[in-house]
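Please look at the sequence and the structure together as you read.

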Amino acid sequence: MNENAVVDVFNLEKSYNEVLALTELSLQVSRGSRCVILGPNGAGKSTFLKLILGVLKPNSGSISVFGKTPGHLAIRKRTGAMLQISGIPTTLTVLEHLRLFRTYYHDPLPTEELLKMARLDGIERRSFGSLSGGQQQRLNFALALCGNPDLLILDEPSFSHDVEARIALWNEVDNFVGTDRTLILATHNLEEAERLGDRILIFHNGRVIADASAKKLRSVIGTTEISAQTSANVDEFRNDRQIKRIEHRDGQIRLFVSEPESTVAQLLRLDPHLTNLAVKPASLQDAYLHLLSPQSTSEIHSAND
């Protein structure tokens, strides 16, 4: 085992009756890393988090956290988790929840610090049930931080947040994790993934189909997107090896390339009268959709079989 690994998974498989949730999963999450998990609904993201926390047990394979079996008391003391469904009592106030959770840990963060970090000042005497969805999420975030954890696990943490609250949450996560703690975050928000993650795992049908930084994932389809309204023959670009992906519909062309200058020049030679020419960096969303396209996932699964 890698001594620097916080989470170590080997050949793990998990199913719900006849439904396979995770298969042939092997990976390590190193201390101090920020690992973001992306994927469509049902891809296995939440199942993976619950296996790390010991809420679920694998059908086969192995998983360890801080060198121990998930669910061990020593792990729970070093881990903070914010899941999509918390199940905490609705009648207790914000302050009562924080005071209760702090008793679970030997050296918890101060209550006032938790209120400030989660932006709960002014609503600390309101019951959980009277809070808005975003406020409830902020309390769940504060509860995840109570024990000053070495490993922070977040599942869709900004789902109910408005723009301002979402950015504030990202800043707090960023500041709290720093360079010493480990973050494992599952999300559908690609901006959140790029903002908080230095490593991105893309799950699909229970498998990891990509594992890289956002920058490397974007390079899968080229570092730059060129788009234009043009009458140019799209076939002129199909044999160009530096063009990673071509989209063409109703005269609108999108080219994802690694060397934009030569492609723009070629496009202008083919159609000097083109309109709406735009050149911009390729986005993580473009790479994500490409990797989840039927052709791409089929190639990945064939390679794994």
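## The chain as a whole

The protein chain has 11 helices and 13 strands, where helices (H or I, at least four residues) and strands (E, at least two) are DSSP runs numbered from the N terminus. This is a predicted model, in which local features need pLDDT of at least 70 and side-chain atom pairs count only at pLDDT 80 or more, while totals for chains, interfaces and linings use all residues. Residues are numbered from 1 along each chain as its sequence is written, and side-chain values use heavy atoms, with hydrogens and water left out.

Taken along the principal axes, the C-alpha atoms of the protein chain fill a box of roughly 70 × 45 × 35 Å. Of the 305 residues in the protein chain, 50% are buried, a word that here means under 20% relative accessible area, with exposed meaning over 50% and partly exposed in between (1.4 Å probe, protein chains only). A contact means heavy atoms within 4.5 Å, and among contacts in the protein chain between residues at least 6 apart in sequence, 68% join residues at least 24 apart.

## The sheet of six strands

An open sheet of 6 strands has the order E5-E6-E7-E3-E8-E9, with mixed pairing; two strands pair if DSSP finds at least two bridges between them. Its edge strands are E5 (79-82) and E9 (207-212), each of which pairs on one side only. From one strand to the next, the twist averages 15 degrees, and axes are lines fitted to C-alpha atoms, for helices over the stretch in contact, with angles running from 0 to 180 degrees between N-to-C directions. Helix H5 (residues 133-145) packs on this sheet, touching E5 and E6, and its direction makes about 170 degrees with that of E5. Helix H10 (residues 284-291) lies across strand E3 (34-38), strand E8 (199-204) and E9, and runs at about 35 degrees to E8.

Strand E6 (residues 151-155) pairs with strand E7 (residues 182-186) in the parallel sense over 5 bridges, and 4 bridges join E5 to E6, which also run parallel. Leucine 151 in E6 stands opposite threonine 79, and leucine 151 also stands opposite threonine 182 in E7. E6 is mostly covered, since 5 of its 5 residues are buried: Leu151, Ile153 and Asp155 point one way from the strand, whereas Leu152 and Leu154 point the other way.

Aspartate 162 caps the N-terminal end of H6, with a side-chain oxygen 3.3 Å from the backbone nitrogen of glutamate 164. After H6 comes glycine 178, whose phi is positive, near 55 degrees.

Which residues of H6 are buried? They are Ala165, Ala168, Leu169, Trp170, Val173, Phe176 and Val177, and these buried residues pack against E3, helix H4 (111-117), H5, E6, E7 and helix H7 (190-196). An α-helix has 3.6 residues a turn, so residues three or four places apart point the same way.

## Threonine 182

Threonine 182 lies in strand E7 and, at 1% relative accessibility, counts as buried. Its side chain reaches the backbone nitrogen of glycine 32 at 3.0 Å, which is a polar contact (a pair of N or O atoms within 3.5 Å; within protein, one must be able to donate a hydrogen and the other to accept it, and residues adjacent in sequence count only if both atoms are side-chain atoms). Leaving aside its neighbours within four places in sequence, threonine 182 is in contact with residues including Val29, Ser30, Arg31, Gly32 and Leu151.

## The sheet of four strands

An open sheet of 4 strands has the order E11-E12-E10-E13, with antiparallel pairing. Strand E11 (243-249) and strand E13 (275-281) stand at the edges with a single partner strand each, so one side of each is left without a neighbour in the sheet. The twist averages 10 degrees from one strand to the next.

Strand E10 (residues 224-229) and strand E12 (residues 252-257) run antiparallel and are joined by 6 bridges; glutamate 225 has phenylalanine 256 in E12 as its bridge partner. Helix H9 (residues 260-270) packs on the sheet, touching E10, E11, E12 and E13, and its direction makes about 10 degrees with that of E10.
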